[in-house]
Amino acid sequence: MSQWEYERNTQSMRLMAEFGSEHGLAISDILTGIDLEASELADPTRVVSGHQELQLIRNSIRLLPHVPALGIKVG
């Protein structure tokens with residue numbers, strides 16, 4: 001089983017989505033292509049796959065090309 005198939009909580013996705021929101025993005029745009037509602041990001045019992053988390057990262061990179069050192073700032 002790939003590490004991206006393991007389930008994990010939404011904590012890191014919530015933090016990345018908040019970063020995007022602070023930079024003017026709509027949460028719905030950040031969550032494009034992910035089967036997840038914005039309200040679920042705050043649910044500590046909600047689990048997501050690594051694939052969903054990677055899609056959020058891809059969306060952030062695509063939507064925030066003007067943010068220098070994006071990975072470092074988000075990390």
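This is a short walk through one protein chain, from its overall layout down to a few single residues.

Okay, hi everyone. Before anything else, this is a predicted model, where local features need pLDDT of at least 70, side-chain atom pairs count only at pLDDT 80 or more, and totals for chains, interfaces and linings use all residues. Residues are numbered from 1 along each chain as its sequence is written, and side-chain values use heavy atoms, with hydrogens and water left out.

Let's start with the overall layout. The protein chain has 4 helices and 2 strands, which are DSSP runs numbered from the N terminus (helices are H or I, at least four residues; strands are E, at least two). Reading from the N terminus, the order is β-α-α-β-α-α. The radius of gyration, taken over C-alpha atoms, is 12 Å, close to the 11 Å from the globule rule for 75 residues, so the chain is as compact as a globular protein of that length. That rule, by the way, is 2.2 Å times the number of residues to the power 0.38. Along the principal axes, the C-alpha atoms fill a box of roughly 35 × 25 × 20 Å.

How much of the chain is buried? The figure is 31% of the 75 residues, with buried meaning under 20% relative accessible area, exposed over 50%, and partly exposed in between (1.4 Å probe, protein chains only). On contacts (heavy atoms within 4.5 Å): among those between residues at least 6 apart in sequence, 70% join residues at least 24 apart.

Now the inside. The largest nonpolar core has 15 residues, and Met 13, Leu 31 and Leu 56 are among those with the most contacts inside it. Helix 1, residues 11-22, gives the most to this core, with 4 residues. A nonpolar core here is a set of buried Ala, Val, Leu, Ile, Met, Phe, Trp, Tyr and Cys residues joined through side-chain atoms within 4.5 Å.

So, helix 1. Which of its residues are buried? They are Met 13, Met 16, Ala 17, Phe 19 and Gly 20. Seen down the axis of helix 1, the buried residues fall within an arc of 155 degrees, so they line one face of the helix; the arc is that of the directions from the helix axis to the C-beta atoms. Their cover includes helix 2 (27-30), strand 2 (47-49), helix 3 and helix 4 (70-74). Just after helix 1, Gly 24 takes a positive phi of about 90 degrees.

On to helix 3. Its 14 residues reach 20 Å from first C-alpha to last, close to the 20 Å expected at 1.5 Å a residue, where the expected span is 1.5 Å times one less than the number of residues. Buried residues in helix 3 include Gln 52, Glu 53 and Leu 56. Strand 1 (7-9) and helix 1 are among the elements that cover the buried residues of helix 3.

Glu 53 is worth a stop. Glu 53 is buried, at a relative accessible area of 11%. Leaving out residues up to four places away in sequence, Glu 53 touches Arg 8, Ser 12, Met 13 and Met 16.

Last one: Ala 69, in the loop between helix 3 and helix 4. Most residues other than glycine have a negative phi. Ala 69, though not a glycine, has a positive phi of about 55 degrees. Ala 69 counts as partly exposed, at 45% relative accessibility. That's my tour, thanks!
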